[in-house]
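Please read this briefing alongside the sequence and the model shown below. It begins with the charged pairs and then turns to the sheet and its surroundings.

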Amino acid sequence: MAGEQQGELQLVVFRLKEQTYGVDIGHVLEIIRASDITAIPGAPDFVEGVINLRGRVIPVIDLARRLGLAPINVTGNTRIVIVEVGGTTAGMMVDGVSEVLRLSQESVQPPPPMVAGVAATYLQGIAMVDDRLIILLDTTRIFRREEKEALQELAEQAEERAAS
């Protein structure tokens, strides 16, 4: 992981459907409020739309839908975590970001064997921090190669529309 240093992980911790998740801070570019998302007709169902981030068009996904959960209800706490993974920049809409956390790699355990299926492919592990469980997502697996290409193409098309 990019945020690792000498057996330590640094995570951005956020809430999603009453659960606590974490992603490697090395993949996070910034965290912004969820506003002004423009829906794109014909986009994959987990794509919420696109945003203009200082002149750059960024596709935004509903992370809950991507993980097979009910869609996010946008509130004042909803945030977009902008990540860059494998040359693709995208926003992941979450219910709220709570903290940046450092923890040792020893506190991370692999997902339980009973967790299987598509959603398990996104999991890196589960961290135990005090009395909390934090589900670690592997951002490199959230987007399949063809989805990265589709998101890139979506952003390019939106930029072209905005320029014309």
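A salt bridge here is a side-chain nitrogen of Lys or Arg within 4 Å of a carboxyl oxygen of Asp or Glu. By that criterion Arg132 forms a salt bridge with Glu99, and the closest N and O atoms are 2.8 Å apart. The model is a predicted one, in which local features need pLDDT of at least 70 and side-chain atom pairs count only at pLDDT 80 or more, while totals for chains, interfaces and linings use all residues. Residues are numbered from 1 along each chain as its sequence is written, and side-chain values use heavy atoms, with hydrogens and water left out. Helices (H or I, at least four residues) and strands (E, at least two) are DSSP runs, numbered from the N terminus.

**Salt bridges**

- The structure holds six salt bridges, among them the one between Glu30 and Arg54, whose side chains meet with an N to O distance of 2.3 Å. Because Glu30 lies in strand β3 and Arg54 in the loop between β4 and β5, this pair ties together parts that are 24 residues apart in sequence.
- For accessibility, buried means under 20% relative accessible area, exposed means over 50%, and partly exposed lies in between (1.4 Å probe, protein chains only). Glu30 is partly exposed at 22%, whereas Arg54 is exposed at 66%.
- Returning to the bridge between Arg132 and Glu99, Arg132 belongs to strand β11 and Glu99 to strand β8 (residues 96–104), so the pair ties together parts that are 33 residues apart in sequence. Arg132 is partly exposed, with a relative accessibility of 29%, and Glu99 is partly exposed as well, at 27%.
- Arg141 forms a salt bridge with Asp138, with the closest N and O atoms 3.3 Å apart; Arg141 is partly exposed at 45%, but Asp138 is buried at 14%.

- Two strands are taken to pair if DSSP finds at least two bridges between them.
- Strands β6 (residues 79–85) and β7 (residues 88–94) run antiparallel and are joined by seven bridges; Ile80 stands opposite Met93, and the bridge partner of Val85 is Thr88. The two strands form a hairpin with two residues between them, and Gly86 in the turn has a positive phi of about 55°.
- On the other pairing, β5 and β7 run in the parallel sense over three bridges, and Asp62 stands opposite Met93 in β7.

- Contact means heavy atoms within 4.5 Å; leaving aside its neighbours within four places in sequence, Gln152 is in contact with Gly87 and Thr88.

**Aspartates to inspect**

- Asp36, in the loop between β3 and β4, has a positive phi of about 55° although it is not a glycine, and Asp36 is exposed at 69%.
- Asp130, in the loop between β10 (123–129) and β11 (132–137), also has a positive phi, near 55°, and counts as exposed at 77%.
- Asp24 lies in strand β2 (residues 19–24), and one of its side-chain polar atoms is 2.9 Å from the backbone nitrogen of Gly26.

Terms used:
Polar contact = N/O pair within 3.5 Å; in protein donor to acceptor, adjacent residues only side chain to side chain.
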